[in-house]
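Subject: The structure, and what turned up in it

Hello,

Here is the structure I promised to pass on, with some notes to read beside it. Please have it open as you go through them.

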Amino acid sequence: MSTSFNKSSGDDVYESVSIAVVTAVATHRGADPAELPPLYEWIDPDALDSIFAPTRRGGSRGGRLEFTYDGHAITVDCTDGVAIEIDDSPVARPVVVDSEPGSLTNA
């Protein structure tokens, strides 16, 4: 199961793609996200969030981005929703992108 960024389930957590990546890697390692090095040492978190943010009219964006973060191959795919993979393994934590930049909200 991949991480979903569609606003549907009441159990979803709203957050940015950059936070979702760090959280997913921390979960993958069994670590606290604060123990990981800053994402910006590998990729600009604001640019990452912008690439996958909803359009101004609320539509979804399409595309795929692959990069390395602290020794892990990260794939963010926005084909049908947004999915995150770490080292070719889909992430199972449901997450949705909040349309308000910098705003994290539990659904």
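This is a predicted model: local features need pLDDT of at least 70, side-chain atom pairs count only at pLDDT 80 or more; totals for chains, interfaces and linings use all residues.

Strands E3 and E4 pair in the antiparallel sense, with 4 bridges between them.

**Helix H2**

Next, please turn to helix H2, which spans residues 45–52. Its N-terminal end is capped by Asp44, with a side-chain oxygen 2.9 Å from the backbone nitrogen of Asp46.

Which residues of H2 are buried? They are Leu48, Asp49 and Phe52. These residues lie on the same side of H2, because the arc they cover around the axis is only 95°.

Leu48 deserves a click of its own. Beyond its neighbours within four places in sequence, Leu48 is in contact with Val17, Ser18, Val21, Leu39, Leu65 and Phe67.

**The core**

Leu48 comes up again in the largest nonpolar core, which has 21 residues. Along with Leu48, the residues with the most contacts inside this core are Val21, Leu39, Phe67, Tyr69, Ile74 and Val76. At least two core residues come from each of H1, H2, E2, E3 and E4. H1 gives the most, with 7 residues.

**An aromatic pair**

How many aromatic pairs are there? The count comes to 1. It is formed by Trp42 and Tyr69, whose ring centres are 5.2 Å apart; their planes stand at 90°, so the pair is edge-to-face. Trp42 sits in the loop between H1 and H2 and Tyr69 in strand E2, so the pair links parts of the chain that are 27 residues apart.

Are the two partners buried or exposed? Trp42 is partly exposed, with a relative accessible area of 35%. Tyr69 counts as buried, at 0% relative accessibility.

Happy to go through any of this with you.

Best wishes

Notes: Residues are numbered from 1 along each chain as its sequence is written. Side-chain values use heavy atoms; hydrogens and water are left out. Buried means under 20% relative accessible area, exposed over 50%, partly exposed in between (1.4 Å probe, protein chains only). The arc is that of the directions from the helix axis to the C-beta atoms. A polar contact is a pair of N or O atoms within 3.5 Å; within protein, one must be able to donate a hydrogen and the other to accept it, and residues adjacent in sequence count only if both atoms are side-chain atoms. A nonpolar core is a set of buried Ala, Val, Leu, Ile, Met, Phe, Trp, Tyr and Cys residues joined through side-chain atoms within 4.5 Å. Contact means heavy atoms within 4.5 Å. Two strands pair if DSSP finds at least two bridges between them. Rings of Phe, Tyr and Trp (its six-membered ring) pair if their centres lie within 6.5 Å; planes under 30 degrees apart count as stacked, over 60 as edge-to-face and the rest as tilted.
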